[in-house]
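Dear colleague,

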Amino acid sequence: MKTALALARQVLGTTSPNPAVGAVVVKDRTEVGQGATLPPGQSHAEIGALRQAGAASLGATLYSTLEPCCIYGRTPPCTRAIIEAGIAQVYVAAIDPNPRVSGRGCAELQSAGIEVVVGEEAEHARELYEGFAKHINSGIPFLTAKFAMSLDGKIATRTSDSMWITGPDSRGRVQQMRRESDAVMVGVNTVLADDPQLTARDDVGAAIQRQPLRVIADSRCRTPPGARVLQQPGKTLIATCLDAPQERVSRLRVAGAEVLQLPTLPSGQVDLEALLTELGRRGVVNLLVEGGGTLLGSLFDRKLVDKVYAFIAPVIIGGQRAASPVEGLGAAELAGAWRVARSRMEPVGPDWLVVGYPVLGN
């Protein structure tokens with residue numbers, strides 16, 4: 001199953017809105033077939049593994065990170081192919097959260113006389129499919145908030161210098177996160193301050209072929225038409241308000257951006273719930289939000305953050321006017337503050353990474 005999970009992780013970000021699945025066929029303790037989900041409209045992982053195994057599938061064991069599908073979508077159901085191949089036993093890491101499948105795929109295999117074992121590497125599989133589970137049941141992307149800060153909670157100095165707080169290992173980890181995401185979002189203040197590229201790059205720093213959608217929350221269309229984010233491979237979506245200055249909207253469209261005009265909240269900001277609904281409709285399953293403080297503060301205030309990745313560098317910046325990673329309205333009392341549940345900490349070069357799930361209250 002560990003091999004199947006590794007295969008699934010390799011295709012994260014390339015399969016949406018389908019889940020990234022890995023599958024392995026084993027015969028006489030030897031791997032005879034491997035497969036991973038291909039882009040939408042192409043083969044699922046189980047089909048790829050069965051094709052590679054060929055005749056060796058008869059009487060073999062199939063390991064799959066997700067319950068095989070039993071419904072017709074863009075492709076036929078995998079359960080039928082598994083039964084026809086003569087597989088004797090199937091190990092499944094996680095039940096499919098899709099309500100049209102959930103448990104039915106395993107039941108169909110069992111009805112055909114195939115032994116089904118569920119739950120191996122279940123914890124790793126749950127994290128792998130948390131985005132798909134939210135999207136398939138709500139239509140909304142799974143939102144991961146990422147920020148890098150100093151030991152005293154600053155994301156820049158008082159003069160807005162932020163290059164670089166964390167080290168190259170942490171920045172490489174962020175590139176991996178971008179490669180595994182369907183879209184990367186920042187606020188316009190980040191664009192104005194840092195002029196980022198927001199591209200997904202490989203280990204040598206070259207932009208990869210498949211780029212996540214770049215999204216800028218920009219209520220008044222202040223993104224400069226010459227911003228680097230508009231000059232990179234891939235697509236950039238600028239989410240702005242219906243009453244944004246039309247001349248700015250036009251200039252950004254000429255510069256190559258897609259400008260999406262959405263309702264304006266009483267605060268004057270673009271409606272983030274409407275933006276997330278539209279991104280979900282477009283098949284964005286995993287959304288990585290990289291800041292800055294204004295955007296992340298708004299997302300936390302509106303209870304829209306599902307997961308947090310906080311990179312912490314062993315450096316102290318100080319300064320009353322130095323920016324913080326999360327602004328917004330915030331909690332009036334500690335009892336109403338966000339707590340990070342199911343958290344874990346790991347070293348990343350000289351830095352630390354804290355990962356967890358925000359919950360309100362104690």
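Is C70 buried or exposed? Please keep in mind, before the answer, that this is a predicted model. With a relative accessible area of 17%, C70 is buried, because the limit for that class is under 20%.

I will stay with the cysteines for a moment. The closest cysteine sulfur to that of C70 belongs to C69 and is 7.1 Å away, which is too far for a bond, because a disulfide needs the two sulfur atoms within 2.5 Å. C221 is likewise in no disulfide, the nearest cysteine sulfur being that of C241 at 8.8 Å, and C221 is buried with a relative accessible area of 3%. By this rule, the count for the structure comes to zero disulfides.

Turning to the aromatic rings, the structure holds two aromatic pairs. In one of them, the ring centres of Y63 and Y91 are 4.9 Å apart and the planes meet at 15 degrees, so this pair is stacked. Y63 belongs to strand β3 (residues 61–64) and Y91 to strand β4 (residues 89–92), and the pair therefore links distant parts of the chain, 28 residues apart. Both Y63 and Y91 are buried.

F300 and W338 form an aromatic pair that is edge-to-face, with 5.8 Å from centre to centre and 65 degrees between the planes. Since F300 lies in helix α11 (residues 293–301) and W338 in strand β13 (residues 338–348), this pair ties together parts that are 38 residues apart in sequence. As for accessibility, F300 counts as buried at 8% relative accessibility, whereas W338, at 29%, counts as partly exposed.

There is also a charge placed over a ring: R342 lies over the face of Y357, at 3.9 Å from the ring centre.

Sorted by class, the lining of the largest cavity comprises seven nonpolar, six polar and one charged residues.

With best regards

Notes. Residues numbered from 1 in each chain as written. Predicted model: local features only at pLDDT ≥ 70, side-chain atom pairs only at ≥ 80, totals over all residues. Heavy atoms only, no water. Phe/Tyr/Trp six-rings, centres within 6.5 Å; stacked < 30°, edge-to-face > 60°. Helix = DSSP H or I, 4+ residues; strand = E, 2+ residues; numbered from the N terminus. Buried < 20%, exposed > 50% of the residue type's maximum accessible area, 1.4 Å probe, protein only. Lys NZ or Arg CZ within 6 Å of the ring centre and 35° of its normal. Nonpolar A, V, L, I, M, F, W, Y, C, P; charged D, E, K, R; others polar.
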